[in-house]
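Biologist: Can you walk me through this fold? Keep it simple, please.

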Amino acid sequence: MIDEAKQRREFMRWVILLGLYNGRPIGLWEEVMLSIVRGIYPDCTRLEMRREVDYLHDRKLVELKKHPDNRWFGELNNHGVDYVEYTIDGYAGIARPQKFD
């Protein structure tokens, strides 16, 4: 049986990484990350997106700044860039597609 919630979380993480990769070298505010995710999952909430960004931060792929006005700002760090560019091995929990040469 397919766990759709798990697939959603894992693919959302990959989409967030791609968005941050394309936002380099500046990074992205959470509103931009949310709009990227909503392009695929229109019902995504801010809390749901924040959970996945926080997961990526815990994996040491994303630098995250939580501002006093309750806005988040994310940047892909060098490890995250390597992950998106397929120069390091994949992680369970992120739906990174297989690399085709």
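This is a predicted model: local features need pLDDT of at least 70, side-chain atom pairs count only at pLDDT 80 or more; totals for chains, interfaces and linings use all residues.

Biologist: Start with α1 and helix α3. At what angle do their axes cross?
Modeller: The axes of α1 and α3 (residues 46–58) cross at roughly 70 degrees and come within 9 Å. α1 is therefore roughly perpendicular to α3, a label for angles of 65 to 115 degrees. Axes are lines fitted to C-alpha atoms, for helices over the stretch in contact, and angles run from 0 to 180 degrees between N-to-C directions.

Biologist: Which residues make that contact?
Modeller: From α1 come Arg-8, Arg-9, Met-12, Arg-13, Ile-16 and Leu-17. From α3 come Glu-48, Met-49, Glu-52, Val-53, Tyr-55 and Leu-56. Contact means heavy atoms within 4.5 Å. By class, seven of these residues are nonpolar, none is polar and five are charged. Ala, Val, Leu, Ile, Met, Phe, Trp, Tyr, Cys and Pro count as nonpolar, Asp, Glu, Lys and Arg as charged, and the others, Gly among them, as polar.

Biologist: What does Glu-48 touch?
Modeller: Leaving out residues up to four places away in sequence, Glu-48 touches Arg-8, Met-12 and Asp-43.

Biologist: Now α1 and α2. How do they cross?
Modeller: Helix α1 (residues 4–22) and helix α2 (residues 30–38) have axes that come within 9 Å and cross at roughly 125 degrees. The two are therefore oblique to each other. Angles under 35 degrees count as roughly parallel, over 145 as roughly antiparallel, and oblique is what remains once the perpendicular range of 65 to 115 is also set aside.

Biologist: And who meets whom there?
Modeller: Met-12, Val-15, Ile-16, Gly-19 and Leu-20 of α1 meet Met-33, Ile-36 and Val-37 of α2. That contact has seven nonpolar residues, one polar and no charged ones.

Biologist: Zoom out. How many helices and strands are in the chain?
Modeller: The chain has four helices and three strands. From the N terminus, the order is α-β-α-α-β-β-α. Helices (H or I, at least four residues) and strands (E, at least two) are DSSP runs, numbered from the N terminus.

Biologist: How much of the chain is buried?
Modeller: Of the 101 residues, 40% count as buried. The C-alpha atoms fill a box of roughly 40 × 35 × 20 Å along the principal axes.

Biologist: What about Asn-70? What is its phi?
Modeller: Asn-70 has a positive phi of about 70 degrees, although it is not a glycine. Asn-70 lies in the loop between β2 (62–66) and β3 (72–76). Asn-70 counts as exposed because its relative accessibility is 51%.

Biologist: And where does Tyr-86 lie?
Modeller: Tyr-86 is in the segment after α4 (78–84). Tyr-86 also has a positive phi, about 65 degrees. Tyr-86 counts as partly exposed because its relative accessibility is 24%.

Key: Residues are numbered from 1 along each chain as its sequence is written. Side-chain values use heavy atoms; hydrogens and water are left out. Buried means under 20% relative accessible area, exposed over 50%, partly exposed in between (1.4 Å probe, protein chains only).
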